[in-house]
Amino acid sequence: MASGETLVPRRTRSSAIELVAIERRFDDGVEALAPLTLRLPAGSFVALLGPSGCGKSTLVRLLTELDRPTRGSIHKPFDLKMACVFQDPCLLPWRTVLDNAALPLELAGVPEAERHAATKDALAQVGLADAASKYPAQLSGGMKMRASLARALVVQPTFLLLDEPFAALDEITRQALDDHLRTLWKAWGFTALFVTHAVDEAAYVADRAVVLSRRPGRVVLDHPLDLPSDRTTALRSDARFAAQTGILRNALAESGGAL
Amino acid sequence: MTRRTPWGALLPPLVPAILVIGVLEALVRGDVVPAFLVPAPSQIARALVDEGPSLYPPLAQTVKASLLGFLIAAVVGVTAAIALASSRRVQQAIYPYAVFSQTIPIVSIAPLLVIWFGWDRTALASAVIVSIFPVVANTLAGLRSTDPALVDLFRLYGASSGATLFRLRLPAALPQIFTGLRVAGGLAVIGAVVGEFITGQGIGGAIGVAQQRQRVDIIFAGVLLASLLGLALFGFINLAAWRSLRSWHVSESRH
């Protein structure tokens, strides 16, 4: 366990989220993160790419404060409202979609009428308005992920952390959700960090891609994606898109990550 | 998948029952098996009617002792499991003795129960003691196997330990809690009858009296009533499990 007061994540007045020279060494001596510095300006959409075992999950745990860095500091705005979406939708099987998506509000003590109204709104935004009374077992993989997304949206996040959210879904569903996520980001204006190991997906959803090296993870490329802001399926087969993914692929290959 | 109807589910176990009853009746009537050792099913049926006064008032006592015993075991057992699950140290300190207590034959301490709880409450105490352990063990196993990803999710949303217990860990443990309750239901009846053998009350006492009178038909009738009581309790618990789990848990959902 890390010790020392300076390691507690600090909330600053800056509207950006900043990771300053953070390191994480586990008790068994494994170094998950080398000094890593990363700045996420408010409202930006950043994809974090890296080979398996580059410390992506460690970074996510540090950002969610489920873990602490061994060294370095994480600065967050005072009024940051964070929400997360993971690869596993993490739905409670005994709750309906509505009650699952309302969970964060329920835990925060929001009265039922108010929380139901807000949750129904979020469900409509992810296209699940008709599935509110269904149970997770009755949903497809894509619908479960949409429910998980709605649960993240109900807190009106200013920072949305997505940890390989669509990795377990089929290609068509994944692309539809990529589009949907980008639309939601434009409408809501939250800061988004999208962790993935898929180059195409990173280039498609984000405005900026950060490539991490093999463990201990450090930044090997911080690349603003030179693509139009409006993304459509046609872009996936565009030469400009291929050029951008090529840059990311090269960086990944040089970082020692197998593709 | 095949559609299940009540008849479809009842028919398979009815076949061997009818078969055994028929064969037994034939064997006893044909004097292959002496009626003073094994009564014919028709004799048991007659005992259930004719010996009513010596069977049904005691049965009411057994019903009361086993139902109340089961309820106490369920409430105390789940509460104890929550307390044990709250701290690893407490669990390590206490749990071995809970397991040890299971090796004590209930019959051997029944005389103590009479001294401690009096004649009227011995059957109840015996029912509680016998049926509480499966509730504790299964609830504890359920509480300890909460999905760590969901625990992280609750931490992320700043849930209190109380909210995590009541909104996550207990509901997630419900299928295992019901497994414990099903076992406890049957054991509560057994515990009550064992206690009654010592006190001479209830269906256990009625069976004891029938043994002294060499009335195997009444013994069989008493055994049948005790089993039916256990079966009814089991059915009731199954119904409760089905009602609370059908919408989400594979064990109770039949699409």
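How many helices and strands does the secondary structure of chain A come to?

A: The model is a predicted one. The secondary structure of chain A comes to 8 helices and 10 strands. Chain A has a radius of gyration of 18 Å, close to the 18 Å from the globule rule for 259 residues, so chain A is as compact as a globular protein of that length. Along the principal axes, the C-alpha atoms of chain A fill a box of roughly 50 × 50 × 35 Å.

Now the sheet. In chain A, 6 strands make up an open sheet with mixed pairing, and their order is β6-β7-β8-β4-β9-β10. The edges are held by β6 (82-85) and β10 (219-224) of chain A; each has a single partner strand, so one side of each is left without a neighbour in the sheet. From one strand to the next, the twist averages 15 degrees.

Strand β4 (residues 45-49) and strand β9 (residues 208-212), both of chain A, pair in the parallel sense, and the pairing runs over 4 bridges. As for individual residues, L48(A) has V210(A) in β9(A) as its bridge partner. Packed on the sheet is helix α5 (residues 141-153) of chain A, which touches β6 and β7 (159-163) of chain A. The direction of α5 makes about 170 degrees with that of β6(A).

Chain B is built from helices, with 10 helices and 0 strands. Its elements, from the N terminus on, run α-α-α-α-α-α-α-α-α-α. The C-alpha trace of chain B spans about 75 × 55 × 25 Å along its principal axes.

One helix pair in chain B can be described in detail. Helix α8 (residues 161-199) and helix α10 (residues 216-245) of chain B pack with their axes 9 Å apart, at an angle of about 165 degrees. An angle over 145 degrees counts as roughly antiparallel, and α8(B) and α10(B) are therefore roughly antiparallel to each other. Their crossing is right-handed. On the α8(B) side, the contact residues include L174(B), F178(B), L181(B), R182(B), G185(B) and V189(B). On the α10(B) side, they include L229(B), G230(B), L233(B), F234(B), I237(B) and N238(B). By class, the contact of α8(B) with α10(B) has 14 nonpolar, 4 polar and 1 charged residues.

Methods: Residues are numbered from 1 along each chain as its sequence is written. Chains are lettered from A and ligands numbered from 1 in the order in which they are written. This is a predicted model: local features need pLDDT of at least 70, side-chain atom pairs count only at pLDDT 80 or more; totals for chains, interfaces and linings use all residues. Side-chain values use heavy atoms; hydrogens and water are left out. Two strands pair if DSSP finds at least two bridges between them. Helices (H or I, at least four residues) and strands (E, at least two) are DSSP runs, numbered from the N terminus. Axes are lines fitted to C-alpha atoms, for helices over the stretch in contact, and angles run from 0 to 180 degrees between N-to-C directions. Contact means heavy atoms within 4.5 Å. Angles under 35 degrees count as roughly parallel, over 145 as roughly antiparallel, 65 to 115 as roughly perpendicular and the rest as oblique. A crossing is left-handed if the near helix is turned anticlockwise from the far one by less than a right angle, and right-handed if clockwise. Ala, Val, Leu, Ile, Met, Phe, Trp, Tyr, Cys and Pro count as nonpolar, Asp, Glu, Lys and Arg as charged, and the others, Gly among them, as polar. The radius of gyration is taken over C-alpha atoms; the globule rule is 2.2 Å times the number of residues to the power 0.38.
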